[in-house]
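Please load the model in your viewer and keep the selection panel at hand. The stops below go from the whole assembly down to single elements.

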2 protein chains.
Amino acid sequence: MKSVRAFAPATVANVACGFDVLGFALDKPGDIVTASLVSESGVSISAIHGDEGRLPQAAEKNTAGLAVIELLKSLGSNVGIRLELNKQLPLCSGLGSSGASAVAALLAVNELLDNPMNRKELLPFAVRAEELACGSAHADNVAPSLLGGFTLVRSSAPLDVVHLDFPKSLCCVVFHPELELSTEDSRTVLPGQVELAAAVQQSANLGALVSGLAREDFSLISRALQDVLAEPFRKRLVPHFDTAKEAALNAGALGCSLSGSGPSIFALCASRQVAKQAGQGIQNVYLGAEIAGTTYVSGINSTGGYILSGDNTL
Amino acid sequence: MKSVRAFAPATVANVACGFDVLGFALDKPGDIVTASLVSESGVSISAIHGDEGRLPQAAEKNTAGLAVIELLKSLGSNVGIRLELNKQLPLCSGLGSSGASAVAALLAVNELLDNPMNRKELLPFAVRAEELACGSAHADNVAPSLLGGFTLVRSSAPLDVVHLDFPKSLCCVVFHPELELSTEDSRTVLPGQVELAAAVQQSANLGALVSGLAREDFSLISRALQDVLAEPFRKRLVPHFDTAKEAALNAGALGCSLSGSGPSIFALCASRQVAKQAGQGIQNVYLGAEIAGTTYVSGINSTGGYILSGDNTL
């Protein structure tokens, strides 16, 4: 039976001043999906590991399944695909878990079918799957998971994703406290309207961040990593956020904010050494509050998800 | 009598998606200020040419005079300075006229005093003078007039101005219709609050524009040059704006919006040839409506204002 295994990385969306439009991919962790050609047409999910039974196994209700259904529909193919998901990302953590599964599934199936599409062409199917998970079509997690690096979603409809230059030495730490937060909760705390002055400030910081990343100006990156639109509201849902952020900045992080809509907290750092120290700082705050969690220190993934193996004999 | 003449260029602020934070300098037109050392201490203005008698001649009420007063105060100097202004920019046009006079005056006086300050150090005095003209401390005109190129004001307090990379072949056309608009009027038409979605869209476009300028990606620059925060409201104050913008885009301009708060209209173009055609298109719209105006076609000034001559014998 012909099978392909693919990996797609976790992502940090929003990135402080890039609320709803910016994201970047981590080297690790990520999700792994194995896609196999089967005789019975249609898409099925044979198993999901690592989700503690919480994700729907019906293909059309699962982001990985739905992304593949949409891809096959677009290709006019009635081939049979069986997916097996290895979730290595915590669910509802703000690390782009649903998006990573969709991207890994798309990469595996595309490879299985001898790559009828390039990566940019695969993106809309991942976005459709995100629509299922989040209720709205956001590309800020799936774009970096699929394309790698820092991506800016200039427009969702039509989809216009910009790949940004960034310093290769940049390193990230993400702390995932064992608190769960649904994307829906974290959306409802946001006001529908914002002060014009706040909108201007956010745009200035995002413009400055894009420039700082391109010029490898770490001081500018640091000054720009400020979110005035979402963080002030969402941080209320994440206990000890302010203290954790202060610990990360005191350890030398360039900036620190919620990853996606939280509860994970990320800090961007100029080196792996600083990222480790910032992670230690954040972790200690939560340890002190008797909240367990997982710390991930990772470089930035430049290329997006990738094929782990293709095998005809599995 | 020791004298120095300095030129400071007109500027286009806002630049569509860069509302309140972005600006760039034109090669021409600009204002010229002659500063002379005189025996009587304090700052005076001996003459203002080209303003049809509309600008205040009292130094502390004029942006050029006030900028110099603030500079001398900071230097602890009680030297006597006499200024002569040659306004070559229309007033209240959206071309940064008040800022250009302040910048030219600062450059001339700084040279006259053997350059005690560098350009970045001069900026706060120009911003103080703008506060006088606009009622709020904006650097989006004076920063490009003083520093050249495209500047992004990441923060006004503390002042944090970022110099952006941009394609040197970029060309601009500005049409100044003979309609006057005070900055105050154009501020009052703006809502105090905006939709969160609009804020996000504006920030995405600004981030994309910064990336497009740095990578010399003209298609991206063009897609990003959209203002959803100010133009929809301010264009109501500028008759025929939509038709003029359409004419510029039809002529091949990358983007077109109000210069500053208007009524001038600018279009950014990939070449001088296209800028001329876009200017012709805009001009024809206003000619058809029997509204006179002036068209300026200019490259982007990369270095900011400059000294025209220093002379001890004037």
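Predicted model: local features only at pLDDT ≥ 70, side-chain atom pairs only at ≥ 80, totals over all residues.

Residues are numbered from 1 along each chain as its sequence is written, and chains are lettered from A and ligands numbered from 1 in the order in which they are written.

**Stop 1: both chains**

**Stop 2: the interface between the chains**

Select the residues of chain A in contact with chain B (C-beta atoms, placed from the backbone, within 7 Å). On this side there are 32 residues of chain A, against 33 residues of chain B. Of the interface residues of chain A, 100% are also interface residues in chain B, so the copies meet through the same surface.

Which element gives the most to the side of chain A that touches chain B? It is H6(A), with 13 residues. Among the elements that each supply at least two residues are helix H6 (196-215), helix H7 (218-224) and strand E8 (193-195) of chain A. Helices (H or I, at least four residues) and strands (E, at least two) are DSSP runs, numbered from the N terminus. By class, this side has 20 nonpolar, seven polar and five charged residues. Ala, Val, Leu, Ile, Met, Phe, Trp, Tyr, Cys and Pro count as nonpolar, Asp, Glu, Lys and Arg as charged, and the others, Gly among them, as polar.

E8(A) and E8(B) pair in the antiparallel sense over three bridges; strands pair if DSSP finds at least two bridges between them. A:Glu195 stands opposite B:Gln193.

**Stop 3: the domains of chain A**

Colour chain A as domain 1 (3-164 + 301-309) and domain 2 (171-299), bounds that come from an automatic or database domain assignment. Their C-alpha centres lie 24 Å apart. The contact takes 22 residues from domain 1 and 34 residues from domain 2. On the domain 1 side, strands E1 (3-13) and E2 (22-38) each supply at least two residues, and E2(A) gives the most, with four residues.

**Stop 4: two helices in chain A**

Select H2 (residues 97-112) and H3 (residues 119-134) of chain A, whose axes come within 9 Å and cross at roughly 145°. Axes are lines fitted to C-alpha atoms, for helices over the stretch in contact, and angles run from 0 to 180 degrees between N-to-C directions. Show side chains for the contact, including A:Ala102 and A:Leu106 of H2(A) and A:Phe125 and A:Ala129 of H3(A). The contact residues divide into eight nonpolar, three polar and one charged.

**Stop 5: a sheet in chain B**

Move to chain B and show the open sheet of four strands, with order E9-E10-E7-E11 and antiparallel pairing. The edge strands are E9 (255-258) and E11 (293-299). The twist averages 15° from one strand to the next. Five bridges join E7 (residues 171-177) to E10 (residues 265-269), and B:Cys172 stands opposite B:Leu268.

Technical notes
Contact = placed C-beta atoms within 7 Å.
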